[in-house]
Amino acid sequence: MHRLHLIEIEDQPWCPRWLRTAGTNVIVVFMRAIGGERVVAHRVKQALAETGETHIVDMGSGSGGSMPAVLDSLRAEGIAADLTLSDLYPNPAMVQHFADRQVAGLRYHPEPVDATDIGDAPPGLKTMINCFHHMPEDVARRIVASAVATRQPLFIYEASKTRIPRLLWWLTLPISLPLTALSCLLFTPLVRPMTWQQLVFTYLIPIIPLLYAWDGQVSGIRIYHEPDMRALLAGLETDDYAWEVGPAEGADGRAVGMYVFGRPTAPTGESATHPR
Ligand SMILES: C[S@@+](CC[C@H](N)C(=O)[O-])C[C@H]1O[C@@H](n2cnc3c(N)ncnc32)[C@H](O)[C@@H]1O
């Protein structure tokens with residue numbers, strides 16, 4: 001595979017919970033800024049229509065991620081859907097935050113949910129937004145294989161669709177790291193809910209921009225871009241389970257990032273390959 005599975009700080013069990021949450025808070029703003037939220041909403045809407053599901057189980061939700069906004073836009077279009085957020089490291093403060101919002105059908109699961117146990121997750125459309133690249137190759141393969149084995153629909157989104165050559169990635173790090181840290185300083189005022197840690201550890205002691213820059217750049221080289229994803233899915237296209245992989249386009253046809261969508265199909269001999 002082309003990808004490199006380097007270490008992300010937020011994956012480490014020793015990473016303080018507040019720091020992990022602060023970093024993922026900035027990703028939410030980044031996703032809105034690049035139009036990723038809009039694209040995910042469009043694709044999830046299609047995934048719900050194609051599967052007939054009304055419940056979404058988001059895995060690796062971090063501080064909530066883009067899915068609550070996606071739920072809002074689905075409902076604004078009159079689409080009935082519920083959303084359960086989950087993470088391997090759920091932050092009780094975020095669990096409480098979503099409980100306090102009292103949005104019907106939206107909750108953050110308080111216990112750790114390991115995305116690698118997809119077969120044990122509650123029924124519904126599973127979504128993994130900017131999360132799949134956290135899985136090493138054997139685990140990633142296990143996840144997609146278990147989606148097929150348990151006939152569960154799975155939607156994966158990653159915010160980049162462009163595969164960067166490894167050498168170029170290393171050579172441009174001295175520029176890309178400070179630029180990503182700078183973007184963190186710009187995005188931070190838009191973070192909600194705002195906490196004192198978010199401000200102090202961004203502008204006074206800039207630990208969050210350092211984490212955001214390193215993890216953000218490492219995420220880029222960790223993503224399973226199309227060729228890697230197709231290698232991962234080899235042999236998992238069956239008569240009754242179909243996969244789509246491609247650039248993630250919104251309703252306006254503009255692509256932001258890439259997606260993978262797997263879903264059970266009726267075992268009627270219908271083609272297992274679906275156009276995007
Ligand atoms: C980059 S964050 C993405 C958060 C959110 N989906 C978003 O788009 O803002 C990745 C999240 O995946 C979670 N994660 C990593 N490994 C996981 C696993 N095996 N199961 C569930 N979540 C995991 C991390 O705790 C982190 O919150």
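**Asking about the fold and helix α5**

Visitor: What makes up 76% of the contacts in the chain with a separation of 6 or more?

Guide: Residues 24 or more positions apart do; a contact means heavy atoms within 4.5 Å. Bear in mind that this is a predicted model, where local features need pLDDT of at least 70, side-chain atom pairs count only at pLDDT 80 or more, and totals for chains, interfaces and linings use all residues. Residues are numbered from 1 along each chain as its sequence is written, and side-chain values use heavy atoms, leaving out hydrogens and water.

Visitor: How many helices and strands does the chain have?

Guide: There are 9 helices and 7 strands, taken as DSSP runs numbered from the N terminus: H or I of at least four residues for helices, E of at least two for strands.

Visitor: How do you know that the length of α5 agrees with its 13 residues?

Guide: The expected span is 1.5 Å times one less than the number of residues. That gives 18 Å for residues 137-149, and the end C-alpha atoms are 18 Å apart, so they agree.

Visitor: Which residues in α5 are buried?

Guide: Val139, Ala140, Ile143, Val144, Ser146, Ala147 and Val148; buried means under 20% relative accessible area, exposed over 50%, partly exposed in between, with a 1.4 Å probe and protein chains only. Their cover includes β4 (125-129), β5 (154-158), α9 (226-232) and β6 (241-249).
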